Amino acid sequence: MAMGGATPLSRLDQTARGFLPVITVILLGIIAVLPIGIPQWGALAPPLMLIGVFYWSLVRPDLMPPTAAFALGLLQDFLSGAPIGSGALIMVVTQWTMRGQQRFLANRPFLLLWGSFIPVAFVAAMLEWGVYALLNLHAVPIMGALVRLMLGFALFPVVAWLVLIPTHSKLPPE
Amino acid sequence: MPWRTIGERFSSAVLLMASLALIVLGRVDPGLVELVRTRMVDLVTPVLDIVQRPISTVRADLAVTNGLLDLASENAKLREENSALKEWRTTALSLEAQNRVLRGIVNIDPAAPPITRTEPIIAEPGGVYVRSVMIAGGAHDGLTKGQAAMVGPGLIGRITELGQWSARVLLITDLNSRIPVILEGARTHAILAGDNSPEPYLVYLPKAATVNIGDRLVTAGHDGVFPTGLAIGRVASIDHGEIRVRPIADLDRLEYVELVDGSAQSALTPEAAPAEDRNFLGAP
């Protein structure tokens, strides 16, 4: 891998690679809303973008700063039809929580990383539920949020192995 | 690193406040937020439209393969259905003749709901608390806000957000969906309300109303947006006064929607007695 600052072209290459984490999360967001024909897929809404933001905030917080998490959350809100700002809130909180955990969780067994996604996804689900219930003044069933949480947990290794970990090796050095 | 210059000028705390402010703004000024949202979705629409194409092809191929696998049982089922339908056809023909005569007497123009456009679904986002689909057609294609969306014979929802090139259809199962309906047969008026479950329920039903399982529901057209008489569903269950309706359209497998022209109101006028309307619409 070329080191940064060698030639203008390689610097451009490094810069472009720096945006890869954000690009992967955008792709995950598009995958999450595609009409793939699984009944109730839209209603289950696996939190694919959350998995991405969680992962990158932990392993490369320099490439997933608060601003990027905020923008990605907004994108999710635009696509999903959720109240604007709720996704942004969740992503900023997730980024904030995870970026300090690098020294505890980085280079540890994958299972630990996977397990630590549960509390984060739980907080995200509660935030989403709370914002929605508050805005609609209607205590919507919490079941949907919990199903989504479980689905996110189940899909975490799939997303990590198919998208996130392969991307990891393409990133510029920290 | 690229982000160091762009990002990190704003701390997480500031962005947190910004998110909360946006949530409140969306509540205070829904119009502005909706405008921004439709513009943003317009930008993403071409991407979604292109990406969903191979997926719909695969879905169509899968359907063909599945169809080949259970050809025999499907045939048997169809033969059975066909004989039943033949009987119905006789009934339908005599009813049609009778209907034509009666329409001639009262001088109304039989108007089927005019389908203006058929649009593919490009995204099925929803999320846990929102039941909606996005379609690849917008104001530029002549669609209007509030237009009724159908799949085959059944209503699925209405356009709630309209961009230039894209639109969001709020499904009848969404928590915020309220549609004035008439129960065919008894001609009782009610509102069909969604609660994010697959089967919406009836509210504001007159106390004296008799409702039976299997009763058909059609749009009442009270809102002035929907044409009258679009089929929605059938009463599926009555449990402690909670009346659940099963939609005719299969909301789980949506691939395209048909938009009904709302401006050309069906000539069939709602049969509501206005006094009765006020009674149950005003009641909590």
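Predicted model: local features only at pLDDT ≥ 70, side-chain atom pairs only at ≥ 80, totals over all residues.
Residues are numbered from 1 along each chain as its sequence is written, and chains are lettered from A and ligands numbered from 1 in the order in which they are written.

Reader: What does the secondary structure of chain A come to?
Author: Helices (H or I, at least four residues) and strands (E, at least two) are DSSP runs, numbered from the N terminus. From that end, the elements of chain A run α-α-α-α-α-α-α-α-α. The count is zero strands and nine helices.

Reader: What is the radius of gyration of chain A?
Author: This radius is taken over C-alpha atoms, and the globule rule is 2.2 Å times the number of residues to the power 0.38. For 174 residues the rule gives 16 Å, and the value for chain A is close to this, so the chain is as compact as a globular protein of that length; its radius of gyration is 17 Å.

Reader: Which element of chain B gives the most to the side that touches chain A?
Author: Two residues are in contact if their C-beta atoms, placed from the backbone, lie within 7 Å. By this criterion, 45 residues of chain B are in contact with 46 residues of chain A. Elements giving two or more residues to that side of chain B include helix H2 (12–28) and strand E1 (115–123). The most, eleven residues, come from H3(B).
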